[in-house]
Amino acid sequence: MPTKKVVHIKTAPAQAVLSPAQKKFNTLIKKIDAQKQLLAEWQETFERCRTDAVDKLEPLKQSMREQQTAMAHLLDQQFTANKFTKNQQEKLTHLIVELCEELLRSGDNDELKAMYNKYTASDYDTEAEEEQMMANEFMKSMLENEFGVTLDDDDFDLTNPQATAERLAEKVKQREAEAEAAAASRTQRKKSAKQLAKEAKDAEEAANVSKSIQAVYRQLTSALHPDREQDPVERERKTELMQQVTVAYGNKDLLKLLELQLAVEQIDQSKLSSLSAERLKHYNKILSDQLAELQEEVMLKEDQIRMMVQIPPFEPLSPKRLAMLLKQDLQTMQAEIKRIQQDLRQFKDVKNLKAWLKSFQLPEPDFGFDPFFDGFPPFR
């Protein structure tokens, strides 16, 4: 595979240092390349983690649910068939209720609901509905404050984080479109001579920027037009390059167009170094806009992944940490399955169960609630 030719401006023999515009060009190129790499890394890591979650984590979760269900039934049987002190009964009740709650979060089960209701003297469905409403309101309010949007009840569902993330992205785009429309509406009012002059200057600048991309595009299409090539192998190569040129032009991806120019040797570093100040100004404007769009795309991708794997906005997240979280959850799940299997064998003897209950400490009451689930949820 040929080495990628890096676009940057070198110091020419006739100049001691690069001009500010040339330095800005190089800086923008580096930042754009870094954002592209980060976006690609996010996508690659996410797809790999989603595959591992389906192939490796989900079977472990299913096994864990089966072991926990068996434990809940065993503790219920022992509670019913044997005599326990009041303290032991409190501890058993806590363990049974906790197991039922965790299992019922993963799926509906009438037997577990009946067991939960038996040990709590309440109704699971009613409590779950109230808790879900509280969690939805908390998360909805937090996301509305962070992104400056208003979410309808139909837009938000904690049980379907992927759909919620997609809807949130739509709302952000809608807000931006409304802001642009409002700005356009304001400009329709009577404008001062200064405003009109600025608009004319901006329009001229936009036209020049567009011409800069068009000039690079025309040079590439002229050199790569496959119909002018007689050699079949070379025609195929040029056809592929033309497809890349068309996509890059459609995306206003100046960096990609410049890379293609380097690849087909239409330009070299000396030509880049001798770009006129005016052309460099236009290039920097295009690259600045391109960088801003990439940064927003990376941010939206990260926010989408946060929603799907249920990681709060205030926690640091990177592709590397995403993979690490999945690895940790796989290891934790394997250890938990092994532990609960050992406990199931031990607790079949009520003497072992009573001995274990002596060392078990009831946790302090928690009157708050955490809207975020622990662990690494399965990708869907």
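How many helices and how many strands does the protein chain have? The protein chain has 12 helices and zero strands, where helices (H or I, at least four residues) and strands (E, at least two) are DSSP runs numbered from the N terminus. The model is predicted, and local features need pLDDT of at least 70, side-chain atom pairs count only at pLDDT 80 or more, and totals for chains, interfaces and linings use all residues. Residues are numbered from 1 along each chain as its sequence is written, and side-chain values use heavy atoms, with hydrogens and water left out.

**Figure 1. The whole protein chain.** Read along the sequence, the chain follows the pattern α-α-α-α-α-α-α-α-α-α-α-α. Of its 380 residues, 36% count as buried. In these legends, buried means under 20% relative accessible area, exposed means over 50%, and partly exposed lies in between (1.4 Å probe, protein chains only). Accessible areas come from the Shrake-Rupley method with a 1.4 Å probe, and for residues only the protein chains shown count as cover.

Figure 2. Side chains of opposite charge can pair when their charged atoms come close. A salt bridge is defined here as a side-chain nitrogen of Lys or Arg within 4 Å of a carboxyl oxygen of Asp or Glu. A search of the whole structure finds 14 salt bridges. One of them joins Lys-56 to Asp-52, with the closest N and O atoms 3.9 Å apart. Both residues belong to helix α1 (residues 20–81), where Lys-56 and Asp-52 are four residues apart, about one turn of the helix. Lys-56 has 46% relative accessibility and therefore counts as partly exposed; Asp-52, at 21%, also counts as partly exposed. Another salt bridge pairs Arg-65 with Glu-58, and their closest N and O atoms are 3.1 Å apart. Glu-58 counts as partly exposed because its relative accessibility is 21%.

Figure 3. The side chains of Lys-113 and Asp-125 meet in a salt bridge with an N to O distance of 2.7 Å. This pair links distant parts of the chain: Lys-113 is in helix α3 (residues 110–120) and Asp-125 is in helix α4 (residues 124–147), 12 residues apart. Lys-113 is buried, since its relative accessible area is 13%, whereas Asp-125 counts as partly exposed at 40%.

Figure 4. Which residues form the negative surface patch? Asp-123, Glu-127, Glu-129, Glu-130 and Glu-131 form this patch. Patches are made of residues with over 30% relative accessible area and no salt bridge; like charges are joined within 9 Å, and nonpolar side chains (Val, Leu, Ile, Met, Phe, Trp, Tyr) within 5 Å. Lys and Arg count as positive and Asp and Glu as negative, while His and the chain ends are not counted. The place of a charge is taken as NZ of Lys, CZ of Arg, CG of Asp or CD of Glu. Glu-129 is located in helix α4 and counts as exposed because its relative accessibility is 53%. Buried residues of α4 include Tyr-124, Ala-135, Met-139, Leu-143 and Phe-147. Gly-148 follows α4 and has a positive phi, near 65 degrees.

Figure 5. Ala-121 is found in the loop between α3 and α4. Although Ala-121 is not a glycine, its phi is positive, about 55 degrees. With a relative accessible area of 74%, Ala-121 is exposed. Gln-310 lies in the loop between α10 (277–309) and α11 (319–347), and its phi, near 60 degrees, is a positive value in a residue other than glycine. Gln-310 counts as buried because its relative accessibility is 18%.

**Figure 6. Residue pairs separated in sequence.** The C-alpha atoms of Gln-310 and Gln-162 are 10.0 Å apart in space, while the two residues are 148 residues apart in sequence. Gln-43, in helix α1, counts as partly exposed at 31% relative accessibility. Gln-43 and Lys-301 are 258 residues apart in sequence and 8.3 Å apart in space, C-alpha to C-alpha.
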